[in-house]
Amino acid sequence: MVDLATLAARKHPEVNRIEFGVEDIPPSDPAEWESARAVLGRLFPADKSGKLATRVVVYRLPIQWRCRTLAETEQAVKAVLAEHLSSEIGCLAEDVFPAC
């Protein structure tokens, strides 16, 4: 995940102020604004006081349960990060990562 965050920050410097984390499973049921599908990751906005940075958390086990290969897992993590980063930095999900 660090490699993907670094890659996204090359194109979008604002990604450098976002914290990233991995947890095994979501701590609870989806929030009311989230879909009923299993949660694969969450974006936690920065608090208004500035004490907590924006955070993106990826949930390891729900992703692994859906993927059969390492390549599928890597693509799923990339898609989850792209979805959440795009909403935070204001671009399309497909524009988060620079073309390799």
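A residue is called buried when its relative accessible area is under 20%, exposed when it is over 50%, and partly exposed in between. The model described here is predicted.

S3 covers residues 55-59. Val56 lies in this strand, and its relative accessibility of 0% places Val56 among the buried residues.

S1 and S3 run parallel and are joined by 5 bridges. S2 and S3 pair in the antiparallel sense, over 4 bridges.

## Partners across the sheet

Val58 in S3 is the bridge partner of Val22, and Gly41 also stands opposite Val58. Val56 in S3 is the bridge partner of Leu43. Val56 is also 6.4 Å from Glu19, C-alpha to C-alpha, while the two are 37 residues apart in sequence.

## The salt bridge

How many salt bridges does the structure hold? There is 1 salt bridge in the structure. It is formed by the side chains of Arg60 and Asp24, with an N to O distance of 2.8 Å. Arg60 belongs to helix H2 and Asp24 to the loop between S1 and S2, so the pair ties together parts that are 36 residues apart in sequence.

Are the two residues buried, partly exposed or exposed? Arg60 has a relative accessible area of 34%, so Arg60 is partly exposed. Asp24 is partly exposed as well, because its relative accessibility is 41%.

## The second largest pocket

A probe the size of a water molecule, rolled over the atoms, shows where empty space is left. The second largest pocket has a volume of about 230 Å³. Its lining includes Val22, Val58 and Arg60, and Val22 and Val58 are the bridge partners named above. Arg60 is also the residue that meets Asp24 in the salt bridge. Others in the lining are Met1, Leu4, Ile63 and Gln64, among them also Thr73, Glu74 and Gln75.

Which helices supply at least two residues each to this lining? They are helix H2 (60-66) and helix H3 (70-89). H3 gives the most, with 5 residues. By class, the lining has 6 nonpolar, 3 polar and 3 charged residues.

## A residue in the loop

Val39 is located in the loop between S1 and S2. Its relative accessible area is 10%, so Val39 is buried. Val39 and Ser86 are 47 residues apart in sequence, and their C-alpha atoms are 17 Å apart in space.

Definitions and conventions
Residues numbered from 1 in each chain as written. Predicted model: local features only at pLDDT ≥ 70, side-chain atom pairs only at ≥ 80, totals over all residues. Heavy atoms only, no water. Pairing = 2+ DSSP bridges. 1 Å grid on protein atoms, 1.4 Å probe; cavity = no way out; pocket = protein on both sides within 12 Å on 5 of 7 lines; lining within 4 Å. Points joined across faces, edges and corners; volume = space filled by probe spheres on them. Nonpolar A, V, L, I, M, F, W, Y, C, P; charged D, E, K, R; others polar. Salt bridge = Lys/Arg side-chain N within 4 Å of Asp/Glu carboxyl O. Buried < 20%, exposed > 50% of the residue type's maximum accessible area, 1.4 Å probe, protein only.
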